[in-house]
Amino acid sequence: MIYFMDMCSNGNFSEFINQTLSKQEISWIKESSEMTKEGLNNTKFYLRFGRVYRHIQLKAVPEHVSTVFKNTHELVRFYLLTYAGTSPDQEVLEKLFDTGNTSETITLYKSLQYLESPEKYVHRVTEGIRTNILEVYDAIAYSNSFPAQYLPELAFNQLVLKGIFNERPIYLIEGLEKRLNDELALTAYDYIHERWSAGRKVTSEIWLLLTPILSEKHTDFLTKGIQSGDELQSKAIQLAIVDSKNQNLIENINANHPGITWNEIGEQIHTNNRQ
Amino acid sequence: MKFIDPHTHMSSRTTDDYENMAKSGIVAVIEPAFWFGQPRTEVGSYKDYLSSLVGWEPFRASQFGIKHYCTIGLNSKEANNVKLADQVMELLPLYAVKENVVAIGEIGYDDQTEAEDKYFRAQLELAKEVELPVMVHTPHRDKKRGVIRSMDVVEEHDIPAHMVVIDHNNEETVQEVLNRGYWAAFTIYPKTKMGNERMVEVVRQYGSERIIVDSSADWGVSDPLAVPKTAQLMVERGISQEDIYKTCYQNALDAYAQSGNMYESHWESVDVNQSLLYGGNSVLRGQEPFKSPSMNVIEN
């Protein structure tokens with residue numbers, strides 16, 4: 001048996017791993033943690049961390065166990081990082097980030113939210129957002145409390161904008177509504193103009209980002225969007241207007257709550273895309 | 001027909017190449033760590049290069065439905081920069097254990113200096129330790145003696161011949177390499193190494209057992225379609241389907257599958273995920289995704 005330390009409130013990890021993995025796999029994990037008792041900053045640990053895929057069968061982790069770690073490799077790597085109940089030294093994590101392949105890098109970004117003093121890794125996550133590898137972006141953006149909690153405004157805004165540019169669901173970014181800000185709104189506002197000038201559409205999700213700045217001076221702009229003939233977009237704009245709480249604007253447009261939430265808008269867009 | 005190009009430096013190639021390779025039936029590539037043309041003077045640039053072989057480049061290949069593997073090693077040219085070489089040697093174990101690594105390589109001799117010898121041997125020991133096959137680069141100059149010396153050294157280190165691919169062979173070296181039980185790879189590289197008409201004759205004479213065709217396509221005048229083109233030429237010149245299949249696909253798979261990291265299922269279930277990646281932020285910048293490779297077109 002192996003036990004995940006209580007770094008994350010999710011006790012299901014231990015139960016799942018012990019039930020899912022074979023005796024042989026469990027003993028390999030134990031042996032790996034024994035080998036690194038003295039600390040993680042040694043080649044033995046790095047080799048074990050890298051070789052998880054050779055010793056542990058790849059199996060999906062069900063959602064009721066974790067919405068963060070998707071498979072047994074991710075979960076076992078997380079265990080190796082934290083088995084001693086303490087966070088690895090920054091030096092160790094930096095080295096793992098520097099030399100990681102895609103699947104390791106994904107695990108590291110997911111793990112940060114559970115470590116002590118995650119703010120030490122703001123520079124890493126800021127760099128991670130610059131990735132062009134979709135899976136790495138997703139590991140930072142989704143089921144990850146780190147961005148909303150620790151990223152400075154500029155980096156957080158880049159995460160959201162990158163999601164918009166790549167047509168990724170932004171409603172799944174944790175804490176997005178709390179982190180809305182004027183800078184992000186202004187960039188989104190310019191982006192909509194840019195798209196419209198090029199004769200292109202925008203995702204209806206984007207209207208959420210505008211709520212902090214909307215006022216009566218946007219009446220014509222918003223009316224144009226509502227009249228575009230796209231029903232979901234009309235609803236999203238009306239919702240943004242209501243959310244802006246600007247009474248003059250609400251009256252100008254005669255906006256009513258469209259009876260839909262931002263999550264439902266996001267789900268509609270991205271469920272359709274998947275089909 | 002499907003092909004594996006078991007020696008190609010995709011970091012030096014364009015997306016057009018990937019697209020044409022996929023169209024021509026190449027399902028998997030192996031990218032050996034090599035000399036990038038511009039010598040590296042800092043270990044950091046070597047580290048980032050190795051990271052790209054296990055991170056960025058497999059991602060790029062996957063957008064075209066091609067499975068990307070690599071080999072990890074300190075090449076013979078840069079082994080001569082001893083200060084750099086020592087630092088690179090410390091890094092290699094970390095990369096050698098990654099999921100898409102199928103060998104230690106390409107290692108061996110270039111000028112056959114003392115430093116090259118030292119790091120070749122050290123990396124043979126590493127290959128034993130991490131239980132990986134070895135891809136041996138053989139020298140351009142003094143080829144024949146270089147090939148023999150490479151095999152002698154492999155044997156001194158007790159590595160069985162079936163775990164070693166001797167690359168860049170020619171008509172003068174093939175017999176001894178095969179006699180001693182090694183895999184014999186041939187690089188179809190315009191002008192300097194082998195033309196593919198000569199390759200056809202090698203297969204006619206020696207058959208297909210343990211013979212592997214590759215392109216070594218890189219930053220020089222080279223051809224990323226060398227494997228499918230050679231296969232096509234073999235068809236035209238009456239080589240049997242079985243010999244073509246073995247030399248342009250199966251032998252490479254058998255040799256490098258000994259790593260435990262290369263399986264046919266990796267590309268038979270490959271999902272071209274380009275359609276998830278359009279927009280301003282992927283290799284494809286707003287272009288139409290390339291749907292699926294045609295297995296029948298062989299451009300020659």
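Rings of Phe, Tyr and Trp (its six-membered ring) count as a pair if their centres lie within 6.5 Å; planes under 30 degrees apart make the pair stacked, over 60 edge-to-face, and the rest tilted. With that in hand, look at chain A: ring pairs link A:Phe4, A:Phe13, A:Phe69, A:Phe78, A:Tyr79, A:Tyr83 and A:Tyr114 into a cluster.

A word on the ground rules. This is a predicted model, where local features need pLDDT of at least 70, side-chain atom pairs count only at pLDDT 80 or more, and totals for chains, interfaces and linings use all residues. Residues are numbered from 1 along each chain as its sequence is written, chains are lettered from A and ligands numbered from 1 in the order in which they are written, and side-chain values use heavy atoms, with hydrogens and water left out.

Back to the rings. Searching the whole structure turns up 30 aromatic pairs over all chains. Take A:Phe78 and A:Tyr114: their ring centres are 5.4 Å apart and their planes sit at 55°, so this pair is tilted. The pair ties together distant parts of the chain, with A:Phe78 in helix α5 (residues 72-82) and A:Tyr114 in the loop between α7 (102-111) and α8 (122-128), 36 residues apart. Both A:Phe78 and A:Tyr114 are buried, where buried means under 20% relative accessible area, exposed over 50%, and partly exposed in between (1.4 Å probe, protein chains only).

Chain B has a pair to set beside it. The rings of B:Tyr18 and B:Phe64 have centres 5.6 Å apart and planes at 5°, so they are stacked. B:Tyr18 belongs to helix α1 (residues 15-23) of chain B, while B:Phe64 is in the loop between α3 (56-62) and β3 (67-72), 46 residues apart. B:Tyr18 and B:Phe64 are buried too.

A charge sits over a ring if NZ of Lys or CZ of Arg is within 6 Å of the ring centre and within 35 degrees of the ring normal. A:Arg77 does this over the face of A:Phe49, 5.5 Å from the ring centre. In chain B, the charged end of B:Lys98 is over the ring of B:Tyr95, at 5.9 Å from its centre.

Now zoom out to chain A as a whole. Its secondary structure is 17 helices and zero strands, counted as DSSP runs numbered from the N terminus (helices H or I, at least four residues; strands E, at least two). The C-alpha atoms fill a box of roughly 70 × 35 × 30 Å along the principal axes. Of the 275 residues in chain A, 57% are buried.
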